[in-house]
Amino acid sequence: MRVPLSWLAEYVELVPGTTPEDVHAALVKVGLEEEDVHTFELEGPIVVGEVLEFVEEPQSNGKTIRWCQVRVAPEGETAADGGDAVHGVVCGARNFFPGDKVVVTLPGAVLPGPFPIAARTTYGHVSDGMIASARELGLGDDHEGILRLSTLGIDAPVGTDAIALLGLDDAAVEINVTPDRGYAFSIRGVAREYAHATGARFRDPVEQVTATDAAADGFPVVIDDDAPIRGRAGSAVFATRIVRGVDPARPTPAWMVARLKLAGIRSLSLLVDITNYVMLEFGQPIHGYDLDALRGGIRVRRALPGEKLTTLDGKERTLHIEDLVVTDDRGPIGLGGVMGGGETEMGESTHNVLIEAANWDPVSIARTARRHKLPSEAAKRYERGVDPEIPPAAVSRVAQLMVDLAGGTADLGGSLISEVAAREAITLPRGFVSELIGVEYTDQEVHDALAEVGGIITATDDGFEVVPPSWRPDLTGKAELAEEVARLAGYHRIPSVLPVAPPGRGLTRSQRLRRRVADALASAGSTEVLAFPFATEHENATYSSADGGPVASVRLANALDAGAPLMRRSLLPGLIGAARRNLSRGLTDLSLFELGLVFLPEPGREYGSAELPVGNAKPSDDELDALQAGIPAQPRHVGVLLLGDAVAKQPGQPAVPAGIVDALDAVRQIALATGAEIEVVQGSHQALHPGRTAELRVAGRNVGYAGELLPALAAAADLPRVVAVVELDLDAVIELTEPGLEAHQIGTFPAATQDLSLVVGLEVPAAALADAVREGAGELLEDLRLVDDYRGPGVPEGSKSLTFALRFRAPDRTLTAAEASDAKLAGAALAAERAGAAIRE
């Protein structure tokens with residue numbers, strides 16, 4: 001919000017010499033953050049001049065200039081720049097005549113840019129200054145010709161300071177207005193806040209207007225909202241006034257143009273400028289209709305399916321059934337609270353005006369503005385809340401200005417509908433403010449602060465009953481009232497004390513383990529990514545179903561990407577997409593991981609059917625339970641993807657490509673981080689390479705897969721042939737893992753090591769063979785590792801030789817070689833019994 005200081009001074013006392021910085025400093029005290037300072041960036045001498053005569057001189061470049069004689073000081077006096085009273089000026093414009101009063105920038109002046117003015121030789125003459133256009137002065141966008149003061153209704157003496165005459169010596173402060181303080185989108189609201197900050201006397205502009213009651217047979221208006229959003233009617237107040245006989249060709253006064261410009265609004269025409277002026281002054285958006293273009297009375301209703309409206313910006317818009325529209329007998333003529341329609345706008349032929357000021361439901365207006373991408377000044381105020389009691393005063397203020405400036409006559413015709421419910425009192429217990437804020441406030445301080453805000457205070461035995469003012473819809477409870485007391489009493493009184501964290505709290509076990517998994521993978525050289533949680537039907541069917549069976553997915557009602565309208569069931573599509581993007585940028589060796597949610601709905605079940613609670617009310621336990629029941633299962637998974645070289649080529653070291661071995665190593669990192677015993681067994685998955693797929697189990701339950709992508713899927717994603725992946729249900733891993741780690745006693749006696757090579761069929765999993773050896777060897781076996789898988793000469797066809805490194809140790813003695821050999825042979829015997837294994841000779 002931009003606030004011109006001259007305008008602010010009309011409603012709150014500003015000490016002479018108050019600067020924009022002073023105003024900013026005061027407003028910051030009450031929570032209005034400073035943004036910027038705006039001025040016209042002009043320096044004098046800039047004066048009123050009179051064109052005495054000119055000579056038109058055609059030039060060789062085809063242009064015709066005027067060599068003008070301009071009086072810039074009364075006869076016999078010295079000009080403001082110290083020169084003669086008559087200056088010779090070269091001008092290219094042709095829209096002025098002898099006798100016209102114009103604005104002359106004399107040598108030494110500076111225009112916005114900055115653009116310094118000096119006497120200079122041009123077109124064979126010494127131009128001693130410049131005759132300025134409106135755009136050169138910063139008053140508007142008109143640059144077709146110079147500014148003739150008669151068009152602004154000004155006839156000032158020659159030599160008058162034009163900067164002060166046109167209001168160009170004013171400045172505006174810009175503040176940031178938070179969504180809960182919509183009243184500060186007005187001079188009225190900012191003036192009140194400045195009074196709070198400084199103690200200066202505030203004069204409410206609304207109280208300075210006499211709101212005329214509409215005649216009983218005034219203009220007909222009907223509010224017919226048959227589909228209110230969340231039970232709130234679209235419009236509770238609708239006031240109109242009629243002004244007849246206005247002259248739309250009259251110029252907007254210079255002071256109004258200057259104030260609107262500083263406030264960030266472009267001057268369009270007198271009638272439109274008046275409505276914008278009152279909107280900025282009161283914070284109440286105003287709309288003016290060409291009364292003669294209306295057909296019948298006005299009805300406010302929700303739009304019908306398929307209805308269209310051409311708004312003031314010239315765009316035809318298809319309306320939504322939630323949109324509030326203003327209609328006459330022909331149909332929609334305005335998008336309520338957002339923008340008017342083109343058919344009834346005020347224009348050059350308007351002589352009779354219907355003025356409208358209404359109060360609209362913030363939710364309806366916010367939805368309409370966003371739906372149609374129309375962030376208008378009116379919508380910006382309505383969606384934050386506008387004082388419902390000022391529409392009658394606002395239309396009367398507009399009518400008064402149209403009478404004074406446009407020569408109109410205020411008509412008794414008009415109307416007023418007001419169905420605003422009385423605001424309920426808020427109970428403020430004694431001592432609540434001090435307890436919440438942490439500062440001792442007396443009852444008198446609390447009373448005075450809330451009364452200054454505009455509340456109606458009633459003292460009770462236990463505290464106060466406070467009725468908030470109509471312009472503060474954000475004051476809805478005792479906490480908000482406490483905040484107002486703290487704000488007006490001064491934030492400097494609140495001590496800066498760091499809170500002490502309560503004991504016994506911290507991360508949950510699941511949170512700690514999830515962070516440990518992320519740290520472990522990152523420490524092992526992987527990079528964490530965060531992919532969008534959206535997927536296609538093909539991706540969900542391919543990566544979330546091991547056997548290719550049908551899967552259920554959650555479909556988005558309003559997908560960001562129409563090509564990916566489902567919530568993901570697997571992390572792998574997102575990892576593949578991230579790998580594809582990085583690979584296309586030249587990163588050929590990748591190790592990526594992601595921790596994220598997947599969405600697993602039950603087949604045939606509808607989700608999201610529960611009604612959303614009202615946004616400004618705390619939902620009940622039943623509402624929360626219904627919402628929770630409408631959400632599908634969302635377990636947290638961990639996914640890993642590796643491609644390229646796991647070990648880069650270097651002197652003395654060939655490159656080692658990434659593959660399933662590295663995927664299983666990532667599984668071991670996750671197991672170590674969570675303390676889980678993850679069993680790796682031969683598995684199958686439709687998206688993974690047959691024979692290079694591992695099923696991952698914890699406590700006998702399948703929790704995920706590891707392996708290499710099918711080459712066809714890798715090729716379709718523009719990835720190398722070998723892409724190793726892992727996906728684990730991390731929530732299930734944590735749930736199935738016993739809390740805590742069991743510490744084993746460190747053996748102090750020497751270990752005995754032996755190797756065992758077993759020949760088995762190709763179909764026998766190494767893990768199954770290792771389990772048999774481990775079980776058969778008994779308690780003396782401390783460690784078992786697979787060190788070799790040989791398939792070649794010396795091994796029967798259809799078989800393989802698996803070599804295990806065994807380490808034996810006894811807790812109470814040094815083992816003999818015979819004891820270690822007996823344990824090894826016992827393991828081999830059980831392996832032979834279960835898998836038909838034979839010791840390789």
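Two rings of Phe, Tyr or Trp (its six-membered ring) are taken as a pair if their centres lie within 6.5 Å. In this predicted model, ring pairs of this kind join Trp7, Trp255 and Tyr277 into a cluster. Across the whole structure, a search returns five aromatic pairs. Among them is the pair of Trp255 and Tyr277, which is edge-to-face, with 5.6 Å from centre to centre and 80° between the planes. Trp255 belongs to helix 6 (residues 254-262) and Tyr277 to helix 7 (residues 270-282), so this contact ties together parts that are 22 residues apart in sequence. The two partners can also be placed by their cover: Trp255 is partly exposed, at 38% relative accessibility, whereas Tyr277 is buried, at 1%. Phe532 and Phe534 make a stacked pair, with centres 6.2 Å apart and planes at 15°. Here Phe532 is exposed, with a relative accessible area of 66%, and Phe534 is partly exposed at 24%.

Side chains of opposite charge can pair when their charged atoms come close. The whole structure holds 50 salt bridges. One of these joins Glu13 to Arg201, with 3.4 Å between the closest N and O atoms. Glu13 sits in the loop between helix 1 (5-8) and helix 2, and Arg201 in the loop between helix 5 (187-198) and strand 13 (221-224), so the bridge ties together parts that are 188 residues apart in sequence. Both ends are partly exposed, Glu13 at 40% relative accessibility and Arg201 at 48%.

Arg181 lies in the loop between strand 12 (171-176) and helix 5, while Glu193 lies in helix 5, twelve residues apart. Relative accessibility is 7% for Arg181 and 1% for Glu193; both values count as buried because they fall under 20%. These two residues also take part in a network of salt bridges with Arg472, Asp474, Glu484 and Arg487.

Arg299 and Asp224 form another salt bridge, at 3.5 Å between the closest N and O atoms. With Arg299 in strand 16 (residues 298-302) and Asp224 in strand 13, the pair ties together parts 75 residues apart in sequence.

Finally, the surface carries a patch of negative charge made by Glu21, Asp22, Glu33, Glu34, Glu35 and Asp36. Helix 2 (20-29) and strand 2 (33-39) each supply at least two of its residues, and strand 2 gives the largest share, four residues. Glu34, within strand 2, is partly exposed at 44% relative accessible area.

Note on methods: Residues are numbered from 1 along each chain as its sequence is written. This is a predicted model: local features need pLDDT of at least 70, side-chain atom pairs count only at pLDDT 80 or more; totals for chains, interfaces and linings use all residues. Side-chain values use heavy atoms; hydrogens and water are left out. Patches are made of residues with over 30% relative accessible area and no salt bridge: like charges are joined within 9 Å, nonpolar side chains (Val, Leu, Ile, Met, Phe, Trp, Tyr) within 5 Å. Accessible areas come from the Shrake-Rupley method with a 1.4 Å probe; for residues, only the protein chains shown count as cover. A salt bridge is a side-chain nitrogen of Lys or Arg within 4 Å of a carboxyl oxygen of Asp or Glu. Lys and Arg count as positive and Asp and Glu as negative; His and the chain ends are not counted. The place of a charge is taken as NZ of Lys, CZ of Arg, CG of Asp or CD of Glu. Buried means under 20% relative accessible area, exposed over 50%, partly exposed in between (1.4 Å probe, protein chains only). Rings of Phe, Tyr and Trp (its six-membered ring) pair if their centres lie within 6.5 Å; planes under 30 degrees apart count as stacked, over 60 as edge-to-face and the rest as tilted.
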